[in-house]
Amino acid sequence: MRILAEYFEPKARFERQRVDDTIVFMGSARTLSREQAEALLRKAEGGEGDLERARMELRMSAYYEAARTLAFRLTEWSKDLDPTGERRFVVCTGGGPGIMEAANRGAAEARGMNVGLTISIPAEDFDNRYVTRELAFHFHYFFMRKFWFAYLAKAVIVFPGGFGTLDELFELLTLVQ
């Protein structure tokens, strides 16, 4: 029953919100925003924390800002495509922190709807406040989450990430094959 619910509930909400296609953003959940990275560096320079790690976080924050900017621009562009109200090329992420938050944030800053497909895992709990609430989904099964990543995707943008990012990318590549 839960598997069916994880299929029909998103389907109904996508139809109700008139979302027909998405642009999926994938990347690290651990990438910090520039503001967060700069604050971490200031603390490390003051003797609180690892200075080299803080410098690396600041360099990596460029990916957060790039994802945010790209999602903003794509959302603005997509809103101009169809004056009838259909939502084209909606930003879609895993709904978590890092690159996912950046993409949802950029889309929200462009005043566009965006999707967050979160998953229940014991170690992590995060509320991405930039996800459009009507399009925030919480999955128990990885395969249903991956299905929804792939089903509406018209484009996939991959930023640096870890094993989760690679898993999602290779799942999509396998499906394309």
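The following legends describe close-up views of a predicted model.

**Figure 1. Packing of helix 2 against helix 3**. Helix 2 spans residues 34-45 and helix 3 spans residues 51-79; their axes come within 8 Å and cross at roughly 170°. Because angles over 145 degrees count as roughly antiparallel, the two helices are therefore described as roughly antiparallel to each other. Helix 2 contributes Arg34, Glu35, Ala37, Glu38, Leu40, Leu41, Ala44 and Glu45 to the contact.

**Figure 2. The aromatic cluster**. One cluster is formed by Tyr7, Phe8, Phe14, Phe137, Phe139, Phe147, Trp148 and Tyr151. The count of aromatic pairs in the model comes to 12. For Tyr7 and Phe8, the ring centres are 4.9 Å apart and the planes stand at 80°, so this pair is edge-to-face. Tyr7 has a relative accessible area of 24% and is partly exposed.

**Figure 3. The pair of Phe14 and Trp148**. The rings of Phe14 and Trp148 form a tilted pair, with 5.4 Å centre to centre and 45° between the planes. Phe14 lies in helix 1 (residues 2-16) and Trp148 in helix 5 (residues 142-151), so that the pair links distant parts of the chain, 134 residues apart. Both partners are buried: the relative accessibility of Phe14 is 4%, and that of Trp148 is 2%. Leaving aside neighbours within four places in sequence, Trp148 is in contact with Glu6, Tyr7, Pro10, Lys11, Phe14, Leu117 and Phe139.

**Figure 4. The nonpolar cores**. The largest nonpolar core holds 18 residues, of which Phe14, Val115, Leu117, Leu135, Phe137, Phe139 and Trp148 touch the most other members. Two or more residues of this core come from each of strand 1 (22-26), strand 2 (90-93), strand 3 (114-119), strand 4 (136-139) and helix 5. A second, separate core has 14 residues, among them Leu74, Val91, Ala103 and Ile157.

**Figure 5. Surroundings of Thr75**. Thr75 is located in helix 3. With a relative accessibility of 3%, Thr75 counts as buried, because the limit for that class is under 20%. When residues up to four places away in sequence are not counted, Thr75 touches Val91, Ala107, Ala110 and Gly112.

Definitions and conventions
Residues are numbered from 1 along each chain as its sequence is written. This is a predicted model: local features need pLDDT of at least 70, side-chain atom pairs count only at pLDDT 80 or more; totals for chains, interfaces and linings use all residues. Side-chain values use heavy atoms; hydrogens and water are left out. Axes are lines fitted to C-alpha atoms, for helices over the stretch in contact, and angles run from 0 to 180 degrees between N-to-C directions. Helices (H or I, at least four residues) and strands (E, at least two) are DSSP runs, numbered from the N terminus. Angles under 35 degrees count as roughly parallel, over 145 as roughly antiparallel, 65 to 115 as roughly perpendicular and the rest as oblique. Contact means heavy atoms within 4.5 Å. Rings of Phe, Tyr and Trp (its six-membered ring) pair if their centres lie within 6.5 Å; planes under 30 degrees apart count as stacked, over 60 as edge-to-face and the rest as tilted. Buried means under 20% relative accessible area, exposed over 50%, partly exposed in between (1.4 Å probe, protein chains only). A nonpolar core is a set of buried Ala, Val, Leu, Ile, Met, Phe, Trp, Tyr and Cys residues joined through side-chain atoms within 4.5 Å.
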